[in-house]
Amino acid sequence: MDKKTSLIIYSQETSQPSDDAMIAVPVLFDGELDENFADNGLDKIGKTLPILPLRNMVLFPGVALPIVAGRAMSMQLIRDAFQKKTLIGVCCQKDPSTDEPTLKDLHPIGTIAEIMRILEMPDGSTTVILQGKKRFRLKSVTKTKPYLYGMVGLLDDTAPAKKDNEFEATISAVKDLTIKMLSSSYDPPRDLIFSLRNNLNMMYLINFASCNMIPEANIKQELLDIDNLKERATKLLAILNKEYKLIELKTSIQMKTAEDINKQQKEYFLNQQIKAIQKELGNDNINEMEIKELREKAKKKKWSKETGEIFEKEVAKLERLNVHSPDYSLQIQYVQTIVNLPWNDFSKDNFNLKRAEKILNRDHFGMDKVKERIIEHLAVLKLKKDMRAPIICLYGPPGVGKTSLGKSIAEALGRKYVRVSLGGLHDEAEIRGHRRTYIGAMAGRIIENIKKAGKSNPVFVLDEIDKVGADFKGDPAAALLEVLDPEQNEHFHDNYLDIDFDLSKVMFIATANSLGTISQPLLDRMELIEMSGYIAEEKLQIAIKHLIPRQLSAHGIESKQVAFDKAAIRLIIDSYTHESGVRELEKKIAKLLRKVARKIASDDKYPTLITTAQVTDYLGVAEYNPEKYQGNEYAGVVTGLAWTAVGGEILFVETSLSRNKGSKLTITGNLGDVMKESAVIALEYVHAHAKTFGIEEEAFEDKNVHIHVPEGAIPKDGPSAGITMVTSIVSAFTKRLVRKNIAMTGEITLRGKVMPVGGIKEKILAAKRAGIKEIILSEENRKDITEIKAEYLKGLSFIYVSDIMEVVKNALI
């Protein structure tokens, strides 16, 4: 090579592009640089040199480096040295923020440099081009004004042995990596790359890569501190490999980003073309307005990121459809379903417990256990804000206020109220919805009613849950398992919506008349609260406080125009209704008031006080004869107690004996299998213990036993008439009469044990209505009596028994 060579200087942007930092744009220097830079002019160096501190920059021997001078002391040093053509020492600061560095603020290893050129830039700054000569160690600072002077000692680089193959391979790898890194830039410097390819100076290649290819100043300084060129080259190669991998990763990310941008641009242009086509067809205004409205609604939704992405995907499909296409109406219906649902939109609960109790008492008479459970739930919810809503099942006879209680609970909580009637439901899709592949597909009743409520935490009444059926279309009760399971309904999946919806904050209240038809898994998911029938006194209060005012308002009659005598209301209850609830009672009051309303509208004379006479006149002959105790004139007739869907009733068990060769048991009265079995057990027990009861053994050999339960048109079943049948059979055989005003209920076993039965409250109310004074019950039913209000037990006494012998002893005279 020639003695003199032309070099192109390439610079990188650093973290501080001002005040002695490397400038941010490439600078080309075409001046003549000496290849033998290590010897040129170094013989003139004394023991001290002017020291130029640099920020975030390290100068290496042989490398030309542009800097922007900013500090006054640095500018003076540069101008003096340039005029006198003297060399200077360049050291990197340890802390770039130090404005007036001293010895302790500078790295001790630096580079002797020659000022090649000073350039006055258009923005007023001064750029200085330095060329490194040789490394030195700064021993001390001898002078600080007008700029730093320091005592220095020159350092020699230890070169490897000649023809060191490992060193040559390392240099070759450094060169290749340097060229690759330069080539990967947005605008690669081709002249510089060409110069490096043709440069054979190994030390220059090491120092150039160290100075220009590494961004961190501290790593550059570590390389400058190494005396052995082979060690410096090896460490440099490791650093360059790491930096090049980062560049490759950055390039890969940029390429992926560019692909995404290109894809977005392509989709944008295609959508613009679709819009242009729709505009030509005259569909653009309708489509754009609907989509704009949907997106405006979507902005206000509190849905998850995943739901938002699904919505945008479906809207994009909608944009591509022609408004006259059949698919358009299906697609917009689906998108509207998504956007109209109250995603994570909850109404604020009212935790005023006294107000809630007042509302429940205002709307419903009695029901203390139900009200207490609701108030307890409110109390817990007030203390623990994120409690999952309970799933309650109110079961009891018709007309006791199960459904209307849901409205009162919603008002007490301050929540929205929705109701779904499940009676006669056979299709599972009614709960879960239909898949969108079907014509006429729509969301299930759960999602539709949540949408109707407008909030994600309404009070949701599932009415008549015991009337749900199953057929070839599926089992809706099985679908309800997910709805009513607090562990699953957080992610309820509707087939039409096809997005999980959170039902965990919904307060579900199911109603049922009987638990017998509800599957056990469904029962396990609900908290069961029994709502028993009303006694006559409760019906009287409900009529006065609720039914009559409501019906007066419904018929346009003012309360001051017509009043009801209590005796008249009692007559309606006893002789015109036969129910545990008050639904039929309200109908009779409405019928009576229609008669009065007709007279008022016709300007005829009308009664201002409804008495028993008006009741008979307007409602006609009594429809029901109140159940009354029929006395104890006949042996073999015993009063029993039964539970029915409309409440409790008394029933009579009659036993008659007739002579015949052999013995035969006849059972009549439209009895079910369980009740027939009770009759067989009763007769077998009496036969087995005949001597105990004082019955001759021969009496069973020539007598037929006929057991009858009157009102044969009404089906009857259940085990609770067991002790009644035993008492009736013993009374018939012994001719002993039953004590007056006594009734009984209980199941028997072949051993003579008396088992507990259910429906105790309803049975007691029936007994009280019929004039019964004493009731025989199983000892295990004592706990049921303690839960009944004292006012219901007034006038009644109870005999608790464990064995059938005790029953006979207490029942027969």
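Strand 11 (residues 459-463) and strand 14 (residues 507-512) run parallel and pair over four bridges; two strands count as paired if DSSP finds at least two bridges between them. Within that pair, Val 461 sits opposite Ile 509 of strand 14. This is a predicted model, where local features need pLDDT of at least 70, side-chain atom pairs count only at pLDDT 80 or more, and totals for chains, interfaces and linings use all residues. Residues are numbered from 1 along each chain as its sequence is written, and side-chain values use heavy atoms, with hydrogens and water left out.

Both strands belong to an open sheet of five, in the order 10-11-14-9-15, with parallel pairing. At the edges, pairing on one side only, are strand 10 (417-421) and strand 15 (527-530). Helices (H or I, at least four residues) and strands (E, at least two) are DSSP runs, numbered from the N terminus.

Angles run from 0 to 180 degrees between N-to-C directions, with axes fitted to C-alpha atoms, for helices over the stretch in contact.

| Helix | Strands touched | Direction angle |
|---|---|---|
| Helix 11 (residues 368-383) | strand 9 (391-395), strand 14, strand 15 | about 145 degrees with strand 15 |
| Helix 12 (residues 402-413) | strand 9, strand 10, strand 11, strand 14 | about 165 degrees with strand 14 |

Elsewhere, the axes of helix 18 (residues 566-575) and helix 20 (residues 612-619) come within 8 Å and cross at roughly 40 degrees. Their contact involves Ala 567, Ala 568, Leu 571 and Ile 572 of helix 18, and Thr 612, Val 615, Thr 616 and Leu 619 of helix 20.

Definitions and conventions: Contact = heavy atoms within 4.5 Å.
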